[in-house]
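This report walks through the fold, the sheet and the charged side chains. Keep the sequence and the model in view while reading.

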Amino acid sequence: MNNVEQLLVSARHAAKAAHCPYSNFHVGAAVLCDDGSMISGCNVENASYGLSICAERVALFSAIAQGKRPLALAVSCADAQTSRERGTKMPCGACRQVMQELLPNNAKIHIDGVGTRTLNQLLPEGFQL
Ligand code: THU
């Protein structure tokens with residue numbers, strides 16, 4: 001299994017842990033770090049809906065909290081490989097902005113059931129201070 005496939009498998013596995021009683025939309029993400037490790041995350045929802053957080057941000061923030069530098073990311077929703085429409089498989093805009101902050105410019109984002117995109121493709125001309 002190559003690195004990309006391993007990252008996708010980790011993201012699919014993480015989706016099983018999603019806490020999503022309100023949407024029932026399971027999402028998993030996995031980040032490849034500079035030390036070769038993979039850190040995963042899932043979406044975690046809340047009864048106060050706005051407090052919910054996406055899988056991609058959980059994975060990226062976990063990597064940062066562990067002192068690691070994220071290099072690439074994979075994301076998968078529960079049945080990403082089969083029935084979902086393309087748009088439901090793509091990372092949301094908020095996560096793209098966070099990716100811009102925490103991943104290298106040319107980082108690869110592997111989207112299960114869609115393919116690989118660069119961060120620049122997903123968020124051209126993103127906000128910067
Ligand atoms: N969600 C993610 O985890 N990542 C995305 O990029 C888009 C949406 C989650 C948030 C919420 O728990 C559920 O999917 C439905 O929006």
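Read along the sequence, the chain runs α-β-β-α-β-α-α-β-β-α. That gives 5 helices and 5 strands. Helices (H or I, at least four residues) and strands (E, at least two) are DSSP runs, numbered from the N terminus. The model is predicted: local features need pLDDT of at least 70, side-chain atom pairs count only at pLDDT 80 or more, and totals for chains, interfaces and linings use all residues. Residues are numbered from 1 along each chain as its sequence is written, and side-chain values use heavy atoms, with hydrogens and water left out.

**Overall shape**

The C-alpha trace spans about 35 × 35 × 30 Å along its principal axes. A compact globule of 129 residues would have a radius of gyration near 14 Å, and the chain agrees with its 14 Å. This radius is taken over C-alpha atoms, and the globule rule is 2.2 Å times the number of residues to the power 0.38. Of the 129 residues, 42% are buried. Buried means under 20% relative accessible area, exposed over 50%, and partly exposed in between (1.4 Å probe, protein chains only). Contact means heavy atoms within 4.5 Å. Among contacts with a separation of 6 or more, 59% join residues 24 or more positions apart.

**The sheet**

The 5 strands form an open sheet with mixed pairing, in the order E2-E1-E3-E4-E5. Strand E2 (38-42) and strand E5 (115-118) are the edges, each pairing on one side only. Neighbouring strands are turned by 20° against each other on average, direction ignored. Two strands pair if DSSP finds at least two bridges between them. Strand E1 (residues 27-33) pairs with E2 in the antiparallel sense over 5 bridges. There, Leu32 stands opposite Met38 in E2.

Helix H1 (residues 3-15) packs on this sheet. H1 touches E1, E2, strand E3 (70-77) and strand E4 (108-111), and its direction makes about 140° with that of E1. Axes are lines fitted to C-alpha atoms, for helices over the stretch in contact; angles run from 0 to 180 degrees between N-to-C directions.

**Salt bridges**

Side chains of opposite charge can pair when their charged atoms come close. A salt bridge here is a side-chain nitrogen of Lys or Arg within 4 Å of a carboxyl oxygen of Asp or Glu. The count comes to 3 salt bridges.

| Pair | N to O distance |
|---|---|
| Arg12 and Glu5 | 3.4 Å |
| Arg12 and Asp112 | 2.8 Å |
| Lys68 and Asp35 | 3.1 Å |

The Lys68 and Asp35 pair links distant parts of the chain, 33 residues apart. Lys68 lies in the loop between helix H2 (55-65) and E3, Asp35 in the loop between E1 and E2. Asp35 is partly exposed at 48% relative accessible area. Shared partners join Glu5, Arg12 and Asp112 into one network. Asp112 counts as buried at 5% relative accessibility.

**A buried lysine**

Lys89 sits in helix H3 (residues 86-89). Leaving aside neighbours within four places in sequence, the contacts of Lys89 include Val75, Cys77, Ile111, Asp112 and Val114.
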